[in-house]
Amino acid sequence: MLLRSFIDSLSKQISWKRPYFVSNAQTTGYSTDRSLPPKPKRCKNPWVFYFMENISKAKADNPGTSSPKLFQLLSAKWQSLGEEAQKKYLKLAEADKNRYMEEIQVYRANLTPEKASAIAEEKARAKLQKEQITEKKKLKALGLPKKPPNAYILFSSDFMKRKFSQVEEGGKFAVKNQASAVGEAWSKLSANEKAKWEELAAVKAKEAKKKVEEWESDMAAKGFLEIVDNKKT
């Protein structure tokens, strides 16, 4: 995410949109459903062609350099290119644009109403998912208390602490098998033993509810009533 943000800002510096190669299904609108026809690859801009041609050499010439630094390096070189040197990449971009326009016309001409409807529905789902993720991040940034752990999560946490404590004391415990180990241990608990964790979970839930109510009151006092209302819906 940090690298993507960096590329966004870098692309703005050189007056081009974010390169296609850092996009994903949600940002491009490309279908992730294998039953739907693949959409033609979007055309690349001159900067992307320049980047693709020079990134390998930049890595070889600057071993150990981070990706953001390589982007900065190539960006500076791109901006220092004269108009004559940039013509090569402008021609590549123009040819790729023509390729895309031809392919997208064929794609749309062969797209049945059923497939078009399915793609529209998938785009709508992807948009909704993205909005939900954004909303969750917003609530987290505003300090919304975390959801309380259930009985199984509480037991799992305690189980792992005890097992890793045994490892430190010379015991053996395969980390890669922790999920199955926790599940097996939980299944062997008696009803009374599980009740202990259910009671603890109920206490945690009550504490969490109080924290959320306090958070909502704080948000309302600060004038964020809309955020509180949206969270409840």
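Predicted model: local features only at pLDDT ≥ 70, side-chain atom pairs only at ≥ 80, totals over all residues.
Residues are numbered from 1 along each chain as its sequence is written, and side-chain values use heavy atoms, with hydrogens and water left out.

The protein chain has 10 helices and 0 strands, where helices (H or I, at least four residues) and strands (E, at least two) are DSSP runs numbered from the N terminus. Read from the N terminus, its elements run α-α-α-α-α-α-α-α-α-α. Of the 233 residues in the protein chain, 25% are buried; here buried means under 20% relative accessible area, exposed over 50%, and partly exposed in between, with a 1.4 Å probe and protein chains only.

Spanning residues 67-80, H4 has 14 residues and reaches 20 Å from its first C-alpha to its last, close to the 20 Å expected at 1.5 Å a residue (the expected span is 1.5 Å times one less than the number of residues). The buried residues in H4 are Leu70, Phe71, Leu74, Ser75 and Trp78. They cover an arc of only 135° around the axis, which puts them on the same side of H4; the arc is that of the directions from the helix axis to the C-beta atoms. An α-helix has 3.6 residues a turn, so residues three or four places apart point the same way. Lys69 and Ser80, on the other side of H4, are exposed.

Next comes the packing of the helices. Two packed helices are described by the angle between their axes and the distance between the axes. Axes are lines fitted to C-alpha atoms, for helices over the stretch in contact, and angles run from 0 to 180 degrees between N-to-C directions. The axes of H3 and H4 come within 10 Å and cross at roughly 125°. That makes H3 oblique to H4, given that angles under 35 degrees count as roughly parallel, over 145 as roughly antiparallel, 65 to 115 as roughly perpendicular and the rest as oblique. For H3 and H5, the axes come within 8 Å and cross at roughly 115°, and these two helices are therefore roughly perpendicular to each other.

Salt bridges complete the picture. The structure holds 6 of them, each being a side-chain nitrogen of Lys or Arg within 4 Å of a carboxyl oxygen of Asp or Glu. One of them pairs Glu53 with Lys88, whose closest N and O atoms are 2.8 Å apart. Because Glu53 lies in helix H3 (residues 46-61) and Lys88 in helix H5 (residues 83-109), the pair ties together parts that are 35 residues apart in sequence. Glu53 is partly exposed at 41% relative accessible area, and Lys88 is partly exposed at 42%.

Another salt bridge joins Arg99 to Glu103, with the closest N and O atoms 3.1 Å apart. These two residues are 4 residues apart in helix H5, so about one helical turn separates them. Arg99 is partly exposed at 22% relative accessibility, as is Glu103 at 36%. Lys188 and Glu184 also meet in a salt bridge, at 3.2 Å from N to O. Here Lys188 is exposed, with 62% relative accessibility, whereas Glu184 is partly exposed at 45%. Finally, salt bridges that share partners join Asp96, Arg99 and Glu103 into one network.
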